[in-house]
Amino acid sequence: MVDLAGQYQKIKGEVDQAIQEVLDSAYFVGGPAIKKFQNNLQNYLEVKHVIACGNGTDALTIAMMAMGLKPGDEVITSNFTFVATAEAIALLQLTPVLVDVDPETFNIDISALEKAITPKTKAIVPVHLFGQTADMESVMAIADKHKLFVIEDTAQAIGSEFTFSNGKVRKAGTIGHIGTTSFFPSKNLGCFGDGGALFTNDDQLAAMITKVVNHGMEVRYYHDLIGMNSRLDTIQAAVLDVKLKYLEDFNKARRKAADYYDKAFQDIKGLRIPTRAVNSTHVFHQYTLVLSDELDHFEMQNFLKEAGIPGMIYYPVPLHMQKAYLDPRYKEGDFPVTEKLCESVISLPMHTEHSEETLKYITDKVIEFARSKY
Ligand SMILES: *Cc1c(COP(=O)(O)O)cnc(C)c1O
């Protein structure tokens, strides 16, 4: 699905040197390399504060802790997402309220979102799925109207840009009150282990986040609140600081691969290529096809596997049908779009190192499978 070894080879000299510098400095937690990376990411995102943390799931948890959300508060998120989004909500004993997604962009359905708001609602967590920013103009309008916090889950969309109707452009994760991201190795900006970060333009929230990530303390051994131990390792910050310089190029390479896929699949019966949102750029964390009813996605996955091609189904089961998240409020059929997508999507290998040769091999095989069903 990804070619992390190939990508590493291209930047090995710089990355190895950056790691060596951390080893020599013996600053393994904290230190100047963390500050440098946070500053560089701030500049790239054009956001006032970046606070690194242990991983993307913690980032979501920390955001909700920093906002002071309390057990029983309702937090709305989209049903078609990686489990971490709902997990963070549930772990804090907040109530995850699920809503369906837009069938074209796979991002939160705005009318469903508005309908899900109750007097207990405190926050909305839009997920920028597969590399496109959710309709943040509408999300923010609803949040303003109902006085709700917005946490953007940007784990899959770092570098994606959202254009408002007045022409203003903002990077994903910098529009809501807090943006969160993950530096898991396979993400668009990935480190060599676990990592994550939070973004905000709000000084007060930034101060809270800074305390939460480090045992609720600002002054060492004076604990103002109950926090966590969730920090980015310094070695990871050094790796990320090198990779950040190439993020735009990485995302461009992904887009180029996506263009190749689009062109090959656009007229093939049974395959629906990804819809590109009008107000967001796409950084193609995933390249995801929607298959017609004639094509079974598991069957295609097996067919590709036989040909040595990985294909992944993100996500096979909607959150409301996951064992751990079963909830009497929800039943099968309540989220028709999500449920249908879970039965019909398949993601193809997507990374920064695709050659035209491998793309041709993959697209030929996908087309061969699709044609065999008509
Ligand atoms: C990867 C991911 C996360 C969690 O990130 P980790 O660093 O693995 O904890 C959260 N949300 C979404 C949408 C993700 O894709």
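This is a predicted model: local features need pLDDT of at least 70, side-chain atom pairs count only at pLDDT 80 or more; totals for chains, interfaces and linings use all residues.
Residues are numbered from 1 along each chain as its sequence is written, and side-chain values use heavy atoms, with hydrogens and water left out. Local features need pLDDT of at least 70 and side-chain atom pairs count only at pLDDT 80 or more, whereas totals for chains, interfaces and linings use all residues.

A polar side-chain atom of Thr57 lies 2.5 Å from a ligand oxygen. For Ser182 the corresponding distance is 2.6 Å. An N or O atom in the Gln156 side chain is 2.8 Å from an oxygen of the ligand. On its own the ligand has 380 Å² of accessible area, and the protein covers 92% of this (Shrake-Rupley method, 1.4 Å probe).

The chain is divided into domain 1 (4–100 + 107–244) and domain 2 (247–371), with bounds from an automatic or database domain assignment. Their centres, taken over C-alpha atoms, are 25 Å apart. In domain 1, 40 residues are in contact with 34 residues of domain 2 (heavy atoms within 4.5 Å). The two domains bury about 3200 Å² between them, 55% of it on carbon and sulfur atoms; this is the accessible area (1.4 Å probe) lost on being put together, summed over both parts. One salt bridge is found across the interface (a side-chain nitrogen of Lys or Arg within 4 Å of a carboxyl oxygen of Asp or Glu).

Definitions and conventions: A polar contact is a pair of N or O atoms within 3.5 Å; within protein, one must be able to donate a hydrogen and the other to accept it, and residues adjacent in sequence count only if both atoms are side-chain atoms.
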